[in-house]
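Dear colleague,

Please find the structure below, handed over for your records. My notes on it follow.

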Amino acid sequence: MFFRRALVRALRDSSLRNSSLAPPTCQVRQVMRWRSNTSVTAAEEIKKPRKKTSKVSKAKHAGMKSVILPPLPLEPIPVLVDAGDGTGTETPIPSTALMAEIQEIQDRYPDHILLVQVGGFFEIYDHQGYLEEIADLLHLKIARPKNQTKNQLRFAGFPLARYKDYVEQLVKHGKTVALVEQVGSDLTNKTKTKVRNVTRIITPGTLIDEDWVESRENNFLLSVTALPNSDKSSDFGLAWLDVSTGDFLVCESSLETFEEHLSRIQPKEILCDRRLQETHPTLIQSLRNRAGEFHLSMKDTEKKAEALLGGLLIQEDASRALLTDMRKLLADFSPLQVQAAGTLLGYVAENFCHVPSFPAPAEFVPEEVMRIDPVTQQALEITRTFRDRARKGSLLHEIDRTKTAAGSRMLATRLKAPSISIDEINRRLDLVEVFFSDTHLLADIRELLSNCKDVERALQRIHLAKATPGDYINIIATLRMADQIFRLLERKQNQLQGAASAGIMKSLEALAEKLGSCRSLLNACDEIFDEKLQDLHKITDLDAIKEGISAELDEKRRAHQVLKQQEEAYRVKLARKYGNNQMYDSINLANAVTDLEKKFKVSALADPKLGPILAIQDVRGPSRLGVKARIGKDPHAELLERANTSVGLRFSHTHWSALYRSLNESANALLEIQKDVFERACGKIKEHTLPFIETCRTIAEVDVASATAAHAQECGYTRPVVTKELVHDVRGGRHPVVERAQTYRESMYVKNDFHIGGDQRLWLLTGPNMGGKSTFLRQSALLSILAQTSYYVPASSARLGIVDKVFSRVGASDDLAAHQSTFMVEMRETATILKNATEKSFVIMDEIGRGTSTNDGLALAHATLVYLHQHSKCRGVFATHYHELAARVQDDQSQSLDAVKCYQTAVLADDKGHLIYTYQLQPGVMTQSHGIDCARAAGLPEQVIASATAFYQQLENEQGIKDRLWRDWQNMQSSMGTEKADAAFQATMS
Ligand SMILES: Nc1ncnc2c1ncn2[C@@H]1O[C@H](COP(=O)(O)OP(=O)(O)O)[C@@H](O)[C@H]1O
Ligand SMILES: [Mg+2]
């Protein structure tokens with residue numbers, strides 16, 4: 001049984017080796033051990049007898065149908081390499097010629113780890129001095145050849161099948177990899193018959209078919225360039241591309257806004273123009289210091305930037321291609337953007353070893369989105385948590401109910417750059433409303449969406465010639481889903497005719513129009529695969545492609561079937577002859593020579609190309625002739641001598657081998673035709689790239705809208721009203737993430753109202769520690785971000801004026817590495833806000849001034865509040881423990897802070913004096929922070945609490961005396977003037 005299965009698999013695998021990176025099954029290893037000439041190993045390359053090799057090549061060159069197969073080369077010296085999982089694998093020792101070749105490749109790619117394919121293995125050598133480190137990282141044992149000569153280097157290796165696991169480890173540890181694959185045979189070279197090329201460079205920003213790439217996030221490569229003789233030396237061109245989805249954007253940035261772009265793009269790799277090392281050394285150094293966040297690569301200025309981007313634009317669509325004036329096309333982009341995009345494309349072309357094909361980039365216009373600076377992104381934990389930068393626990397994680405990866409990516413993109421266009425926000429919200437108000441439609445759509453696959457990534461793999469049949473099947477299946485979604489939306493449109501607002505109708509129409517192309521796309525593409533083959537990863541199943549797609553294929557398949565029948569019949573015959581107990585599956589050639597078993601070690605093997613083999617070991621000298629004669633005289637004379645080593649003889653079966661060869665050839669031919677059919681089918685998809693991309697985006701759009709509706713229904717969110725007015729009118733507002741946490745704790749979240757507008761612009765909050773101030777601050781900013789993302793909001797109603805920029809000063813972090821104390825960080829963040837906030841901005845500030853002495857802090861907090869009130873005129877919320885600040889604002893006679901209103905988070909005490917936090921906001925100023933109560937709750941020793949209470953009383957008394965004296969002096973001053981008041985005051989004191 002085993003034998004038959006092994007042969008069938010071997011048959012399949014013989015064609016696998018034709019495709020790049022085919023996973024070796026046990027056969028590949030077997031082949032190596034058997035010294036088959038199909039998998040030439042490094043040691044074979046050096047040790048292969050020259051004379052015999054040339055005979056083969058001559059025969060092949062002459063196009064002869066060689067029946068006499070070449071003698072097989074000598075066994076490679078096996079070296080045990082531990083793959084780390086305890087499974088030792090045999091890897092051959094590299095040859096001198098191979099070494100020279102690798103050295104040459106490593107010199108060309110000095111920055112990358114070379115993974116060199118040698119037969120069924122990838123090997124890592126010691127050229128660049130990284131072997132120890134990499135072997136350690138991958139838990140590979142370094143092989144030390146026993147007969148080490150100066151030409152043989154130490155190395156470590158692993159089988160091709162483990163390639164993805166090991167590359168994942170390398171890339172996750174910040175390494176970049178150059179794959180050196182065997183791409184053909186060189187029969188003219190006697191010592192090195194395999195041609196090897198670098199087929200791909202794998203860097204964190206150019207991942208495409210790696211299964212471990214997080215599909216719900218974009219994997220951006222960001223290119224940063226500066227023009228050589230720019231008068232504005234601080235301006236950069238930015239271009240960022242997700243190779244796996246084709247999302248491609250460009251913009252310009254100043255040094256000041258660079259970090260903001262970075263925190264929005266969250267690139268996995270940054271590609272910097274090498275020139276920036278001279279013009280912006282500090283920036284480059286700071287990027288280098290952030291190795292955990294992204295990989296930094298440097299590239300020389302791309303001289304062909306224009307041509308690279310221009311080439312892309314011309315590919316983009318046929319009508320634009322007719323425009324011959326490339327300059328006109330490029331005029332859409334600034335020189336800086338062209339330089340950045342071209343550099344990026346050049347790099348991607350190098351990494352994929354061919355010029356890539358992507359949709360033309362879109363321009364990102366910062367002024368068209370709500371600006372959220374990096375500090376605020378972090379503080380509000382929009383896509384990552386503040387503490388460990390994880391997605392879990394962030395706002396995005398909390399609200400994301402999308403069904404597709406593309407939907408999730410779209411939601412993240414929108415959340416990081418909410419819109420400021422009321423029309424756009426309403427257009428998207430209209431769509432959410434359609435789903436929100438029709439539960440059945442919502443359920444149906446979400447069901448269909450859950451069957452949609454990541455078509456954007458599949459499309460990109462088709463463009464980069466990395467697609468699998470699975471990708472193709474997914475594209476077609478998703479198109480079908482999209483078609484059904486289209487029908488549902490069309491029906492809804494008809495239903496709503498005359499009953500819904502013009503906005504809703506328009507949104508539905510636009511969506512249906514975009515999805516309408518699904519049917520024509522489906523018609524344009526061939527459904528070449530059987531649908532039940534959902535998990536198909538490689539086109540190696542001989543019947544992967546359906547019947548009726550290609551006449552040639554069908555005919556070849558029939559011929560193959562005939563051969564298979566012959567094989568079956570012959571198997572029965574052979575099994576009778578050599579099998580055990582009539583078991584047809586057990587063809588054991590050893591049974592032909594049972595008499596020899598007493599003298600020699602006789603074994604039956606299986607060769608993927610030749611079928612069963614009889615191996616007789618330890619046959620030396622004259623006994624060889626004896627054995628040969630014995631076999632020749634035998635009734636089983638159909639056994640043919642195949643190869644002999646100095647100590648053994650091997651025989652295959654003439655008929656069987658011939659049949660096997662035919663079957664092999666026929667299978668290979670079948671696979672070739674299947675590959676052709678597949679490539680042609682992929683070609684058709686490529687022709688329709690733009691409508692495909694549009695369909696993908698529309699599916700994502702439907703996903704985001706329906707996910708918003710589903711989440712809103714689940715958590716009781718409402719549709720916000722967005723307006724141009726500078727107002728915030730929120731009833732029953734909640735914090736989306738803290739509310740969820742409260743639910744887990746089975747306690748109720750306390751809703752709060754929030755009104756800004758008219759004579760109120762800023763709220764000043766006081767309240768006890770743990771009273772809910774910080775939560776309210778964040779909640780008020782998050783509501784605007786959600787609304788402008790076109791998301792429903794956690795409130796019973798919300799009318800929100802468009803916000804152009806959100807700022808927050810809430811964190812309490814030292815940046816000691818950057819030589820900045822908490823207070824310094826706080827002041828820098830405050831400076832940014834004061835410089836950039838406008839009338840349309842929203843600012844939250846939590847306990848500003850707390851990092852220094854009381855009076856300094858109070859003075860700075862007061863001055864900041866006055867500045868924001870009088871100059872920036874922005875909306876916002878301040879939280880403070882400086883009761884005096886709040887008291888002064890409340891008693892302010894000068895009306896200089898008239899748009900600031902004081903609120904407090906109320907606290908109650910039970911009959912034992914324990915505090916009860918109500919989290920309820922009400923007008924007024926709380927004069928106690930209840931810090932000691934909080935400390936007691938936190939578990940400080942009672943002794944410390946008692947001492948703190950006594951000291952606090954003393955301070956309060958002293959402060960009371962001071963306050964009384966101050967009031968006395970003020971009274972005297974107003975009744976008798978300053979001089980007399982001073983004199984009288986002195987007299988009283990003495
Ligand atoms: N509105 C609310 N309803 C229920 N619990 C709340 C509310 N606001 C805050 N909390 C709880 O109180 C904790 C402390 O809130 P926080 O805003 O940090 O207080 P403060 O800034 O006043 O010290 C939060 O972690 C949360 O568990
Ligand atoms: Mg707080």
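Among contacts in the protein chain between residues at least 6 apart in sequence, what percentage join residues at least 24 apart? The figure is 70%, where contact means heavy atoms within 4.5 Å.

This is a predicted model, in which local features need pLDDT of at least 70 and side-chain atom pairs count only at pLDDT 80 or more, while totals for chains, interfaces and linings use all residues. Residues are numbered from 1 along each chain as its sequence is written, chains are lettered from A and ligands numbered from 1 in the order in which they are written, and side-chain values use heavy atoms, with hydrogens and water left out.

Overall composition

The protein chain holds 35 helices and 28 strands; these are DSSP runs numbered from the N terminus (helices H or I, at least four residues; strands E, at least two). Of its 990 residues, 52% are buried, that is, under 20% relative accessible area, with exposed over 50% and partly exposed in between (1.4 Å probe, protein chains only). The chain exposes about 45,800 Å², of which carbon and sulfur atoms supply 52%, by the Shrake-Rupley method with a 1.4 Å probe.

The seven-stranded sheet

Seven strands form an open sheet with mixed pairing, in the order β14-β24-β25-β26-β22-β27-β28; two strands pair if DSSP finds at least two bridges between them. Its edge strands, each pairing on one side only, are β14 (371-372) and β28 (915-923). Two parallel bridges link β14 to β24 (residues 805-809), and isoleucine 372 has valine 806 of β24 as its bridge partner. Helix α30 (residues 822-836) packs on the sheet, touching β24 and β25 (842-846), and its direction makes about 155 degrees with that of β24. Angles run from 0 to 180 degrees between N-to-C directions, using axes fitted to C-alpha atoms, for helices over the stretch in contact. Helix α31 (residues 854-872) also packs on the sheet, and its direction makes about 170 degrees with that of β26 (875-879).

Helix α20

All nine residues of α20 (residues 455-463) are buried, so this helix is largely enclosed by the rest of the structure. They include Glu456, Arg457 and Arg461. Their packing partners include β9 (236-242), β10 (247-253) and α26 (654-687). Just after α20, alanine 465 takes a positive phi of about 55 degrees.

Cysteines

A search of the whole structure finds zero disulfides, a disulfide being a pair of cysteine sulfur atoms within 2.5 Å. For cysteine 525, the nearest cysteine sulfur belongs to cysteine 682, 9.7 Å away. Cysteine 525 is buried at a relative accessible area of 5%, and cysteine 874 is buried at 0%.

With kind regards
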